[in-house]
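Dear colleague,

Please find below the structure I am handing over to you, followed by a short account of what was found in it.

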Amino acid sequence: QVQLVESGGGLVQPGGSLRLSCAASGSIFSINAMGWYRQAPGKERELVATITTGRTTNYADSVKGRFTISRDNAKNTVFLQMNSLKPEDTAVYYCNADIRITPWNDGSFYWGQGTQVTVSS
């Protein structure tokens, strides 16, 4: 059983900052890429940022220069530092990870339960 648990969401004023965390636990052999996605009301889920085991990162154009993804491989944790937040960043943020549970299987994608981020004055 593998679980991803997010934390750090909340209400913040425009221009403010939040830091999201996502910890993977359970029967884990290794974790490949990890990432963050978000889904705003009435919209499809979209990629925010991803990071590989070697810490190569990729960002959506809408968050470049404002958000930073990082990871702690020893703790199976991925972070998303969000600065200069805008009302359009309001969404439920989901953690995603490509996890292998044995050395003999390919990885599978797992999702967290989501954490609400609201940017409003």
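E6 is buried yet takes part in no salt bridge. Its nearest side chain of opposite charge belongs to R45, at a distance of 7.7 Å; a salt bridge would require the charged atoms to lie within 4 Å. Please note that this is a predicted model.

The residue is part of strand β1, which covers residues 2-7. Two backbone nitrogens lie by the side chain of E6: that of C95, 2.7 Å from one of its polar atoms, and that of Q113, which the side chain reaches at 3.0 Å. Leaving aside residues up to four places away in sequence, E6 touches a set of residues that includes S21, C22, W36, Y93, Y94 and T115.

As to rings facing rings, the structure contains one aromatic pair. The partners are Y37 and W111, whose ring centres are 5.1 Å apart; the planes meet at 65 degrees, so the arrangement is edge-to-face. This pair joins distant parts of the chain, with Y37 in strand β4 (residues 30-39) and W111 in strand β10 (residues 108-111), 74 residues apart. W111 is partly exposed, its relative accessible area being 38%.

With kind regards

Key:
Residues numbered from 1 in each chain as written. Predicted model: local features only at pLDDT ≥ 70, side-chain atom pairs only at ≥ 80, totals over all residues. Heavy atoms only, no water. Helix = DSSP H or I, 4+ residues; strand = E, 2+ residues; numbered from the N terminus. Buried < 20%, exposed > 50% of the residue type's maximum accessible area, 1.4 Å probe, protein only. Lys, Arg positive; Asp, Glu negative; His and termini not counted. Polar contact = N/O pair within 3.5 Å; in protein donor to acceptor, adjacent residues only side chain to side chain. Contact = heavy atoms within 4.5 Å. Phe/Tyr/Trp six-rings, centres within 6.5 Å; stacked < 30°, edge-to-face > 60°.
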